[in-house]
Amino acid sequence: MIAENLDVRRGGKPVLRGISLTIARGAVTGLLGPSGSGKTTLIRAIVGVQIVHDGDVTVLGRPAGSPDLRRRVAYVTQAPSIYGDLTVRENLRYFARVMAAPAARIEQVIATVGLRQELDRVAGTLSGGERSRASLAVALLGEPELLVLDEPTVGLDPVLRQGLWATFHELATRGVTLLVSTHVMDEASHCDDLVLMREGRIVATDPPEQLLQQTGSEDLEQAFIMLAQRA
Amino acid sequence: MSARVTLATAWRVAAQLRRDRRTLLLVFVVPPALVALLKYAFNEQPQSFERVAAPLVGLFPLVLMFLITSIAMLRERTTGTLERLMSMPLAKLDLLAGYGLAFAAVGAAQGAITAAIAFGLLGIETAGPVWAVIALAIANAIVGMALGLLLSAFARSEFQAVQFMPAFILPQLLLGGLFVPRERMPQVLQTVSDALPFTYAYEALSKVAADEIDGRFWLDVVVICACIVLALVLGAATLGRRTA
């Protein structure tokens with residue numbers, strides 16, 4: 001994934017200012033920054049659903065939003081995008097048909113996100129965490145090469161969060177590229193590579209250990225503060 | 001476009017409706033109940049009632065499907081499922097045709113139930129064939145669906161979507177000839193009503209009610225079909241894959 005001089009305005013205000021970025025394949029890259037820093041907008045530009053004012057985004061060698069990328073890239077929005085009036089199984093069955101994924105795939109993704117018990121519950125009655133896992137399950141149906149997740153761990157209990165990060169790494173070892181946004185600094189340590197954002201600009205792009213070394217700080221929160229002040 | 005995705009979408013929309021028992025009950029019970037109510041309200045003027053009975057049976061689906069579709073589509077937009085579908089290998093026409101199939105089925109059932117109760121149980125007379133009323137009811141359901149789909153793009157909330165009913169459907173109802181024959185309206189309003197889909201839907205139904213299936217009737221049918229295509233094409237244009 002390569003972005004070059006990306007400029008995005010929303011409601012007349014610049015949200016992304018000249019972003020240039022390369023994301024490695026087969027790794028988990030964390031997109032960090034405070035709320036309002038432009039993480040979601042950058043993600044939307046990568047997935048190809050954002051109107052971009054200037055710059056280019058290339059994903060898996062194709063311009064972002066190309067029709068053939070619709071099978072290869074999966075996007076999990078911050079709010080779970082599933083039908084609240086259908087059961088988890090009905091949701092998965094529908095999206096599997098749209099993606100032309102075999103029915104057996106439903107069993108696999110449901111095991112991956114740990115929702116077997118909830119398969120026949122109406123999605124609207126699930127807890128917030130269960131709903132976002134159901135939404136993640138939908139994204140996994142098509143066996144994407146690039147999986148983009150916007151704050152997937154919000155509202156999850158620590159055990160589940162740990163499990164989800166383990167899943168992300170497992171996917172990465174199978175060659176899937178993951179881009180995960182979060183505003184929780186503790187989660188950054190789970191990532192192979194980090195992209196720090198602030199006010200629509202990239203502050204740093206390095207693996208977590210290197211960021212700590214460069215700034216000489218104890219934790220990533222402190223490193224972020226130092227980098228933000230330097231910029 | 002793919003038959004697999006279209007049918008899956010139709011099935012999904014139907015499953016959502018099936019789960020919403022109260023909506024289904026309202027969809028199937030309200031129109032015949034209103035026809036019955038009108039019959040007894042027009043007790044002293046059976047002739048006036050006969051003029052509007054068949055058109056009413058055939059027009060209910062238009063109004064109802066307009067409302068249901070605009071809310072359903074708005075939900076699809078606000079919950080992010082539309083954006084998710086747009087990032088998947090799904091043609092816009094798959095989505096529209098899926099909705100069309102599901103709602104046409106509901107419209108057909110609604111038309112058939114209303115017609116059975118109106119012409120069977122209540123003994124309302126219509127000079128023309130009952131099947132034509134039901135066929136027009138189905139076509140009108142699709143008109144309502146297509147218009148609802150299109151207008152849902154301009155609503156930001158369900159409050160606004162509901163207001164589109166009095167804003168876009170009621171004027172068509174008033175100008176379409178149901179309340180005042182069109183030839184008795186001022187020329188300006190007649191010209192305006194020429195541009196409204198409802199006018200043709202009503203005219204076709206009143207032709208059936210009077211058993212005057214002539215060239216003008218078939219012209220109405222052609223205009224109704226053209227309205228469906230136009231609204232669906234415009235509706236598809238509002239389903240952008242990229243948004244600001």
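**Before you start**

Residues count from 1 along each chain as its sequence is written, while chains are lettered from A and ligands numbered from 1 in the order in which they are written. Because the model is predicted, local features need pLDDT of at least 70 and side-chain atom pairs count only at pLDDT 80 or more, whereas totals for chains, interfaces and linings use all residues.

**Stop 1: colour by confidence**

Colour both chains by pLDDT, the predictor's confidence in each residue, from 0 to 100. Chain A averages 90, and 100% of its residues score at least 70. Chain B also has a mean of 90, with 100% of its residues at 70 or more. Within chain A, look for the lowest confidence in helix H8 (residues 220-230), with a mean of 83, and for the highest in helix H3 (residues 88-99), at 96. For the model as a whole, ipTM is 0.87 and pTM is 0.88.

**Stop 2: chain A as a whole**

Along the principal axes, the C-alpha atoms fill a box of roughly 50 × 40 × 35 Å.

Of the 231 residues in chain A, 47% are buried. A residue is buried if 20 or more other C-beta atoms lie within 10 Å of its own, exposed if 12 or fewer, and partly exposed in between, with C-beta atoms placed from the backbone.

**Stop 3: the six-stranded sheet**

Select strands S6, S7, S8, S3, S9 and S10 of chain A, which form an open sheet in the order S6-S7-S8-S3-S9-S10, with mixed pairing. Two strands pair if DSSP finds at least two bridges between them. S6 (73-76) and S10 (201-206) stand at the edges with a single partner strand each, so one side of each is left without a neighbour in the sheet. On average, neighbouring strands here are turned by 15° against each other, direction ignored.

Contact here requires C-beta atoms, placed from the backbone, within 7 Å.

Then zoom in on S9 (residues 193-198) and S10, which run antiparallel and are joined by five bridges. Leu196(A) stands opposite Ala204(A) in S10(A).

**Stop 4**

Four bridges join S1(A) to the antiparallel S4 (residues 54-59), and Glu4(A) faces Asp56(A) in S4(A).

Asn5(A) is in S1 (residues 2-10). Check its phi: the value is near 45°, positive in a residue other than glycine. Asn5(A) is exposed, with 12 other C-beta atoms within 10 Å.

**Stop 5: two single residues**

Go to Ala100(A), in the loop between H3 and helix H4 (104-113) of chain A. Ala100(A) has a positive phi of about 60°, although it is not a glycine, and it is partly exposed, with 15 other C-beta atoms within 10 Å.

Arg133(A) comes next, in helix H5 (residues 128-140) of chain A. Is Arg133(A) buried or exposed? It counts as buried, with 27 C-beta neighbours inside 10 Å. Beyond its neighbours within four places in sequence, Arg133(A) is in contact with Val113(A), Gly114(A) and Leu115(A).

**Stop 6: where the chains meet**

Finally, bring back chain B, where 23 residues are in contact with 22 residues of chain A. Helices H1 (3-19) and H4 (81-86) of chain B each supply at least two residues of this side, and H1(B) gives the most, with seven.

Key
Axes fitted to C-alpha atoms, helices over the stretch in contact; angles between N-to-C directions. Contact = placed C-beta atoms within 7 Å.
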